Amino acid sequence: MTRHSRKFAVVLCAVLIVLFAYGSASQSLLTQQTPTYRLIAPDLVAQGEAFTGVVVEETTNGVALLNEGDKVVFQGQVMPVEKGGIVKFPPFIKELGNTFLFPQIVRAGGTTAQTAKPQHVEVVPINSGAPTRIARTSTVVSGGGIIRVTGQRLEALEAAALVDRDGKRLELGQPVGSSLQQIYFAPKELPKGAFRFQGRDASGNSYEAPNQTQNPTIKLSGSRITHRGQRGQITVLSDTDGTAILTGGEPQIELDQRVVDVRASA
């Protein structure tokens, strides 16, 4: 699957009921002895460009943003965590091509650094004369999930929103990212259905994504289980094409397959 593929997670409980589904490639979060951190940052950056991101701590209850007073260290540079968990990365990426960021996290009052999961970044040449344009957005998103908007001169966008088929706007907050990719957090109470990303610049010009972003409806059904060790089957039904990632259920449920390709209404 490519990074633009539609992936969403289905969470199981012991009686084979969907607890929730969300639209981004997700991982099962297990109880851990040490904190696990993940950098959410653009995977497209212009050569020599400063950009922003957020670092989250993965917990059994989901993800939590870092706090003001925490620090992120990368290539010897110390960057304070600002309000909203935002980290400003200086323009230290000058080599073209693919690279990985391995930031270290130092919590407020602490001295021990914990390395976050690596973040892939592709560095491309600067096109200073390019006009503002949206090339694509995430095709699947969940309530509280992230929306990646890819294009050019995207730092000019203001008043971004997801617009449903009836024209209702769901305003999006402050993004992080680069001129080539901006990352927004969807509202936690995001309705099911299809949306179109829209934004305006300071001059009032409007921009719209060419593709839809959908919060899919997923249903899970399966065999009735009456005793330990019984084998059964699970059926995943979605209103959106994509790849379903099954997580949870252990130790009551042991899955033979965790990744399932699904087709809308099939």
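Are Phe51 and Phe89 buried or exposed? In this predicted model, with residues numbered from 1 along each chain as its sequence is written, Phe51 is buried, and so is Phe89; here buried means under 20% relative accessible area, exposed means over 50%, and partly exposed covers what lies in between, using a 1.4 Å probe and protein chains only. Because the model is predicted, local features need pLDDT of at least 70 and side-chain atom pairs count only at pLDDT 80 or more, while totals for chains, interfaces and linings use all residues; side-chain values use heavy atoms, with hydrogens and water left out.

The chain contains 26 strands and 0 helices, where strands (E, at least two residues) and helices (H or I, at least four residues) are DSSP runs numbered from the N terminus. Of its 266 residues, 44% count as buried. Among the contacts with a separation of 6 or more, 58% come from residues 24 or more positions apart, a contact being heavy atoms within 4.5 Å. The chain exposes about 14,500 Å², of which carbon and sulfur atoms supply 49%; these areas come from the Shrake-Rupley method with a 1.4 Å probe, and for residues only the protein chains shown count as cover.

The two phenylalanines of the opening question also belong to a ring pair. A search of the whole structure finds 2 aromatic pairs. Rings of Phe, Tyr and Trp (its six-membered ring) pair if their centres lie within 6.5 Å, and planes under 30 degrees apart count as stacked, over 60 as edge-to-face and the rest as tilted. The ring centres of Phe51 and Phe89 are 5.1 Å apart and their planes stand at 5°, so this pair is stacked. It links distant parts of the chain, since Phe51 is in strand β5 (residues 51-59) and Phe89 in strand β9 (residues 86-89), 38 residues apart. The other pair, Tyr184 and Phe197, is tilted, with 5.3 Å from centre to centre and 50° between the planes. Distant parts of the chain are linked here as well: Tyr184 sits in strand β19 (residues 181-185) and Phe197 in strand β20 (residues 193-200), 13 residues apart. Both Tyr184 and Phe197 are buried.

In soluble globular proteins, nonpolar side chains tend to be buried together. A nonpolar core is a set of buried Ala, Val, Leu, Ile, Met, Phe, Trp, Tyr and Cys residues joined through side-chain atoms within 4.5 Å. The largest such core has 20 residues, and those with the most contacts inside it are Val72, Phe89 and Leu101. Two or more residues each are given to this core by β3 (36-40), β5, β7, β9 and β13. Leaving out residues up to four places away in sequence, Val72 touches a set of residues including Val55, Leu66, Met79, Val87, Phe89 and Ile105. A second, separate core of 17 residues includes Ile134, Ile147, Phe197 and Ala209.

Strand β13 also takes part in a sheet. Strands of a sheet pair through backbone hydrogen bonds, either parallel or antiparallel. Here, 3 strands form an open sheet in the order β4-β13-β10, with mixed pairing; two strands pair if DSSP finds at least two bridges between them. At the edges stand β4 (44-46) and β10 (97-101), each with a single partner strand, so one side of each is left without a neighbour in the sheet. Between β10 and β13 (residues 119-124), which run antiparallel, there are 5 bridges, and Thr99 has Val121 in β13 as its bridge partner.

Strand β15 (residues 146-152) holds Thr150, which is buried at 6% relative accessibility. Apart from residues up to four places away in sequence, Thr150 touches Leu44, Ile134, Ala135, Arg136, Leu180 and Gln181. With neighbours within four places set aside, Gly151 is in contact with Arg133, Ile134, Ala135, Ser179 and Leu180.

Two loop residues complete the picture. Arg153, in the loop between β15 and β16 (158-164), has a positive phi near 55° in a residue other than glycine and is partly exposed at 34% relative accessibility. Gln75, in the loop between β7 (71-74) and β8 (77-80), has a positive phi of about 50° although it is not a glycine, and this residue is exposed, with a relative accessible area of 56%.
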